[in-house]
Amino acid sequence: RVLFRSQSIAYANHVPAWPMLLTIPNVIRSSFLSSQVFAGLVGTTCILTIGGAGRAMAGRRVGVVAAFIAALYPGFWIFGRELMSETLTTTLVAVVILLSYRFRDEEKMSRAFALGAVSGVLVLSHPDQMLLLFTLLLPLMVWPHEGSGDLWRRVRYLAAASVAMLTVITPWVVYNNLRFSEPVVLRSEEHTSELQSPYVIS
């Protein structure tokens with residue numbers, strides 16, 4: 001009899017949004033091609049959303065031009081071929097821009113919450129996007145502009161967006177810190193953990 005020990009090594013060098021999304025095509029058929037086709041569909045959504053964001057910014061003509069440029073620009077579609085997380089990141093950035101303009105057009109608590117939730121998913125796609133909380137949500141919701149409500153109302157919008165964002169992110173942070181001996185917030189290439197289980201082959 002020979003005794004072996006299997007090792008399961010946990011890493012935190014990838015945030016979960018894109019890997020979890022790629023499980024969808026594998027339910028139907030587990031192949032690299034099916035994942036590429038799925039990534040192509042996500043990229044198509046990105047083009048449409050960019051068009052919608054352009055329309056929200058400056059009208060229908062700008063939206064059409066923006067979608068056309070996005071469809072031709074290799075910096076958008078090349079990531080889908082390689083199954084890189086930027087496929088999802090660019091799509092979510094476009095969604096965040098679109099939701100930001102919709103919130104600016106009509107301030108509602110539901111729109112603030114939706115914007116925060118999508119921003120949270122974006123962070124789980126690319127951790128650097130955590131800066132959105134300070135570079136987008138804070139000035140968008142708190143800085144006074146034409147048609148905005150009083151300061152207390154704007155602070156409540158920011159609070160709702162922040163809670164939604166943190167609600168999406170927190171499960172991943174908790175999961176990481178249960179796995180590793182040292183604190184890991186979103187991603188770290190340095191921390192691993194090993195789970196060993198003995199089994200015997202006769």
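# Thr-89 and its surroundings

Leaving aside residues up to four places away in sequence, Thr-89 touches Leu-122, Ser-125 and His-126, where a contact means heavy atoms within 4.5 Å. The place of Thr-89 is in helix H6, helices here being DSSP runs of H or I with at least four residues, and strands runs of E with at least two, both numbered from the N terminus. Because its relative accessible area is 7%, Thr-89 is buried; buried stands for under 20% relative accessible area, exposed for over 50% and partly exposed for values in between, with a 1.4 Å probe and protein chains only.

The model is a predicted one, in which local features need pLDDT of at least 70 and side-chain atom pairs count only at pLDDT 80 or more, while totals for chains, interfaces and linings use all residues. Residues are numbered from 1 along each chain as its sequence is written, and side-chain values use heavy atoms, with hydrogens and water left out.

# Overall architecture

The chain contains nine helices and two strands, and from the N terminus on its elements run β-α-α-α-α-α-α-α-α-α-β. Of its 202 residues, 37% are buried. When contacts between residues at least 6 apart in sequence are considered, 69% of them join residues at least 24 apart.

For H7, the 15 residues should span 21 Å at 1.5 Å a residue, and its end C-alpha atoms are 21 Å apart, which agrees. Ala-112, Leu-115, Gly-116, Val-118, Ser-119, Gly-120, Leu-122 and Val-123 are buried in H7, and the buried residues of this helix pack against H6, H8 and H9.

# The largest nonpolar core

The largest nonpolar core has 30 residues, of which Trp-18, Phe-103, Leu-115, Leu-137, Met-141 and Met-165 touch the most other members; such a core is a set of buried Ala, Val, Leu, Ile, Met, Phe, Trp, Tyr and Cys residues joined through side-chain atoms within 4.5 Å. At least two residues of this core come from each of helix H1 (17-21), H3, helix H6 (86-105), helix H7 (109-123), helix H8 (132-142) and helix H9 (151-179).

Trp-18 touches Ala-39, Val-42, Leu-83, Met-84, Ser-85, Thr-87 and Leu-88, not counting residues up to four places away in sequence.

Leu-83, one of the residues touched by Trp-18, is placed in the loop between H5 and H6, and its phi is near 55 degrees, a positive value in a residue other than glycine. With a relative accessibility of 17%, Leu-83 counts as buried.

Ser-35 lies in helix H3 and counts as buried at 6% relative accessibility. Residues up to four places away in sequence aside, Ser-35 touches Leu-22, Pro-25, Asn-26 and Leu-83.

Thr-90 is placed in helix H6 and, at 18% relative accessibility, counts as buried. Its contacts, not counting residues up to four places away in sequence, are with Cys-46 and Phe-76, and its C-alpha atom is separated by 9.3 Å from that of Ile-50, 40 residues apart along the chain.

The second largest pocket holds about 150 Å³ of space; a pocket is an open set of points on a 1 Å grid over the protein atoms alone, where a 1.4 Å probe fits and protein lies on both sides within 12 Å along at least five of seven lines, and lining residues have an atom within 4 Å of a point. Grid points are joined across faces, edges and corners, and the volume is the space filled by probe spheres set on them. Of the 15 residues that line this second largest pocket, Gly-40, Gly-43, Thr-44, Phe-76 and Trp-77 are the closest to its centre. H3, H4, H5 and H6 are the elements that give two or more residues to this lining, and H3 gives the most, with seven residues.

Technical notes:
The expected span of a helix is 1.5 Å times one less than its number of residues.
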